[in-house]
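Subject: Structure for you to look at, with notes

Hello,

Please find below the structure that I promised to pass on to you.

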Amino acid sequence: MLRAVRFAASGHADRLREIDACELSAATRVGCTAAQHAALEGYANCLRVLHELGAAATLFAADNNGRTPAHAAAINGHADCLRVLHELGAAATLCAAANDGRTPAQHAALEGHANCLRVLHELGA
């Protein structure tokens with residue numbers, strides 16, 4: 001597993017600062033980035049650090065299933081990550097459909113994450 005992915009998935013924003021921008025932006029063989037793992041686990045601070053260190057494009061990046069970090073955050077109920085993604089310029093991904101046709105709001109609804117649905121509505125997604 002890539003160091004950036006491992007650090008982001010475990011919330012080690014400080015360790016992300018030790019990695020160069022190319023590795024921060026790298027994806028796994030299934031297309032997952034450090035940003036997706038940070039959003040999946042609810043580490044909004046890691047999303048901010050990735051953006052700050054030049055890996056802003058990963059906030060928009062979709063994996064091989066067409067899921068973005070916004071999808072990952074919505075699936076696991078991390079409304080704070082959705083707010084941070086919006087704040088950092090990834091607003092368009094909040095309403096993007098994955099390959100299965102589902103948007104972050106649809107994933108949040110399927111998983112019963114009313115908090116994410118409220119935030120997505122507030123943000124215009």
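I begin with Arg3, which lies in helix H1, where helices (H or I, at least four residues) and strands (E, at least two) are DSSP runs numbered from the N terminus. Arg3 is partly exposed, with a relative accessible area of 35%; in these notes buried means under 20% relative accessible area, exposed means over 50%, and partly exposed is what lies in between, using a 1.4 Å probe and protein chains only. Leaving aside residues up to four places away in sequence, Arg3 touches Ile19 and Glu23, and here contact means heavy atoms within 4.5 Å. The C-alpha atoms of Arg3 and Ala74 are separated by 24 Å, and these two residues are 71 residues apart along the chain.

Before going further, please note that this is a predicted model, in which local features need pLDDT of at least 70 and side-chain atom pairs count only at pLDDT 80 or more, while totals for chains, interfaces and linings use all residues. Residues are numbered from 1 along each chain as its sequence is written, and side-chain values use heavy atoms, with hydrogens and water left out.

The core

In soluble globular proteins, nonpolar side chains tend to be buried together. A nonpolar core is a set of buried Ala, Val, Leu, Ile, Met, Phe, Trp, Tyr and Cys residues joined through side-chain atoms within 4.5 Å. The largest nonpolar core in this model has 34 residues, and those with the most contacts inside it are Leu16, Leu24, Leu47, Leu50, Leu59 and Leu82. At least two residues of this core come from each of H1 (3–9), H2 (13–16), H4 (34–41), H5 (44–52), H6 (69–75), H7 (79–87) and H9 (114–122). To take Leu47 as an example, it touches Ala35, Ala38, Ala39, Leu59, Cys81, Val84, Leu85 and Leu88, again not counting residues up to four places away in sequence.

Helix H5 and its neighbours

The buried residues of H5 are Ala44, Cys46, Leu47, Val49 and Leu50, and they pack against H1, H2, helix H3 (21–25), H4 and H7. By contrast, Glu52, which is also found in H5, is exposed, with a relative accessible area of 51%. H5 is followed by Gly54, whose phi is positive, near 100°.

How do H4 and H5 lie against each other? Their axes come within 8 Å and cross at roughly 160°, where axes are lines fitted to C-alpha atoms, for helices over the stretch in contact, and angles run from 0 to 180 degrees between N-to-C directions. That makes H4 roughly antiparallel to H5, because angles over 145 degrees count as roughly antiparallel, under 35 as roughly parallel, 65 to 115 as roughly perpendicular and the rest as oblique. In this pair, Ala34, Ala35, Ala38 and Ala39 in H4 meet Cys46, Leu47 and Leu50 in H5. By class, the contact of H4 with H5 has 7 nonpolar, no polar and no charged residues, counting Ala, Val, Leu, Ile, Met, Phe, Trp, Tyr, Cys and Pro as nonpolar, Asp, Glu, Lys and Arg as charged, and the others, Gly among them, as polar.

H5 and H7 pack at an angle of about 20°, with their axes 9 Å apart, and so H5 is roughly parallel to H7. On the H5 side, Ala44, Leu47 and Arg48 meet Asp80, Cys81, Val84, Leu85 and Glu87 in H7. By class, the contact of H5 with H7 has 5 nonpolar, no polar and 3 charged residues.

Helix H7 and two buried residues

The buried residues of H7 are Ala79, Cys81, Leu82, Val84 and Leu85, and they pack against H4, H5, H6 and H9. Just after H7, Gly89 takes a positive phi of about 100°.

Thr93 lies in the loop between H7 and helix H8 (104–111), and it is buried, with a relative accessible area of 5%. Beyond its neighbours up to four places away in sequence, Thr93 touches Leu59, Phe60, Thr68, Ala70 and Pro104. His71, found in helix H6, is likewise buried, with a relative accessible area of 0%.

Best wishes
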